[in-house]
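I am opening a notebook page for a structure that is new to me, and I want to write down what I look up in the order in which I look it up.

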Amino acid sequence: MRPILMKGHERPLTFLRCNRDGDLLFSCAKDHTPTVWYADNGDRLGTYRGHNGAVWTCDVSRDSARLITGSADQTAKLWEVSTGKELFSFRFDAPARSVEFAIGDALAVVTTDNFMDHVPTVQVKHIAEDIDDQTEESALVITGIKGRINRAVWGPLNRTIITAGEDATIRIWDSETGQLLRESDKESGHQKTISSLSKSLDWSHFITGSLDKSAKLWDTRTLTLIKTYVTERPVNAVDISPTHDTVVLGGGQDAMNVTMTDRRAGKFEAKFYHKILQEEIGGVKGHFGPINALAFNPDGRSFSSGGEDGYVRLHHFDSDYFSIKM
Amino acid sequence: MAAAAAQQKIRWGELEEDDGGDLDFLLPPSVVVGPDENGIKKVIVYKFDDDGNKVRVTTTTRVRKLARARLSRSAIERRQWPKFGDALKEDAGSRLTMVSTEEILLERPRAPGSKAEEPAASGDPLAMASKGGAVLMVCRTCGKKGDHWTSKCPYKDLAPPTETFTDRPPTSDGPPAPGGPVKGAYVPPTMRGGADRTGDSMRRRNDENSVRVTNLSEDTREPDLLELFRSFGPVSRVYVAVDQKTGLSRGFGFVNFVHREDAEKAISKLNGYGYDNLILRVEWATPRPN
């Protein structure tokens, strides 16, 4: 396949997200400006100007009308997708690390870092349909997690919130009361920081990627560990294919290997694993730096990866990907 | 007939200044060729340039069909959105979005024990060799390595990893971890997952302690190099490239040490050393190990 290279960001990529229809791709990077691209040919549609810090995360509403972004400038902002206009800004005491709309787009979960004296929090905000009614108040604030929370997502039917972060533990919280419902098992779970989390299409299972060089597949309701995928590099980004039994892992490089790695360009790869058999299907090379973001297109026919090199690479699969037999 | 003559000959008296536009009837019509089976389309347009000369402009484009995107109605609407933000200033030459010139494949994993490193999907060993900074010469024998050539190629067994070695036994080792010494494009066979420690590999390991010496004087030969380098440790082989026709040294040679540390010492001590009125350059023969 011939990937489409999109160099819209000057700084490393942090997050990629496709909209529900699969025609738009949103990219966040450390350069303060989230960008939206057309997902078929990689043309840039526009950028969202307004943040003053690295943008860590974003999510788009189901109708692709609203975009929410979380940034190191201690705000999460709501944008109008079509025009780039900033609609609202939620202010926090610490950098916002993860955002996600709930089903129905009436709520959003935002996490904040443990910055200076502040503990990391998970906050739920109401999203008003009419932007004039939008307020900053939180519907729910969850504290009590020690390490930085890298991802917080909604569970099925918005009943739960799932968090994962530096303490390598996945926790499921009740989204109405904030009570801790479940915690992942320490022995079988990740041993190092969980860097990324991605849900399956129907939210019945999700995959977490960790710096302990593995990714694990979990059941969303019971938090049972289903599968483990082992790799040689710390995992920075993960995603599950919406149509096929494939997961993809993207990673970086151990600090100690940096000096010994040959500087041949384009060697960082996104690794594909069979979701059920846990075996490696293959790798797609090309990035000049560690991969920080991965996103499958909802039609399962393409995926994009964002790297430390500032490039977004959009790949449309060849027919041989769909006919791989394990 | 007169009308035909009038067509051929421009009556200058009837022309006005800045009347280039009216001369278009003199130009052949523009031609559109293609797209052919490769998708190449040629558009040939004739026009007058500023000096009044007839100019033919040929534009060759390749028409490619991108992956078909099945768009929903709202997606089609979104396609019509005007650009905003930084994209407003975008012009055709901004080149933010480019199709990769390289064909990237979904590379299937290799069986354990096979070669660890392989050339890039589209790179070829020759490109890699020349990228290594070496002189762009192709050895007739091994056809790959870029910095030597003779019919008696001393480095044919150091060929890049695309050639297979017949005496490498399969092992149950996993693929070599990235933490091991990685030598750029080429991983010596002893460093790979299927390391073979027989006598054959002894010689190859020596070839990894190979030191390239350049900027030698014309009458430098093997015995000279041996004498110069033996003080650092036992030397398994020396070689000086000699031009067959003139009998003069080509200015470079290789010294293979038995021990790697001796090779390192030799490099650090002799690089820049003055020898026979020339400043020697001494370095690792293969891409640097770190």
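I began with A:Phe317, which is buried at a relative accessible area of 9%; buried means under 20% relative accessible area, exposed means over 50%, and partly exposed is what lies in between, with a 1.4 Å probe and protein chains only. I noted that the model is predicted, that local features need pLDDT of at least 70 and side-chain atom pairs count only at pLDDT 80 or more, while totals for chains, interfaces and linings use all residues. I also noted that residues are numbered from 1 along each chain as its sequence is written, that chains are lettered from A and ligands numbered from 1 in the order in which they are written, and that side-chain values use heavy atoms, with hydrogens and water left out.

Next I looked up the ring pairs, taking rings of Phe, Tyr and Trp (its six-membered ring) as paired if their centres lie within 6.5 Å, and calling planes under 30 degrees apart stacked, over 60 edge-to-face and the rest tilted. By this rule I read a count of 17 aromatic pairs over all chains. I found A:Phe272 buried at 0% relative accessible area, and A:Phe296 buried at 5%.

I then went back to A:Phe317, whose ring centre lies 6.1 Å from that of A:Phe322 with the planes at 80°, so this pair is edge-to-face. A:Phe322 counts as partly exposed, at 25% relative accessibility. Ring pairs link A:Phe272, A:Phe296, A:Phe303, A:Phe317, A:Tyr321 and A:Phe322 into a cluster.

Which ring does the charged end of B:Arg79 sit over? I found that it is the ring of A:Tyr38, at 3.9 Å from its centre, where the rule asks for NZ of Lys or CZ of Arg within 6 Å of the ring centre and within 35 degrees of the ring normal.

Last, I turned to chain B, where I read six helices and 10 strands, with buried residues making up 31% of its 290 residues.

Key. Helices (H or I, at least four residues) and strands (E, at least two) are DSSP runs, numbered from the N terminus.
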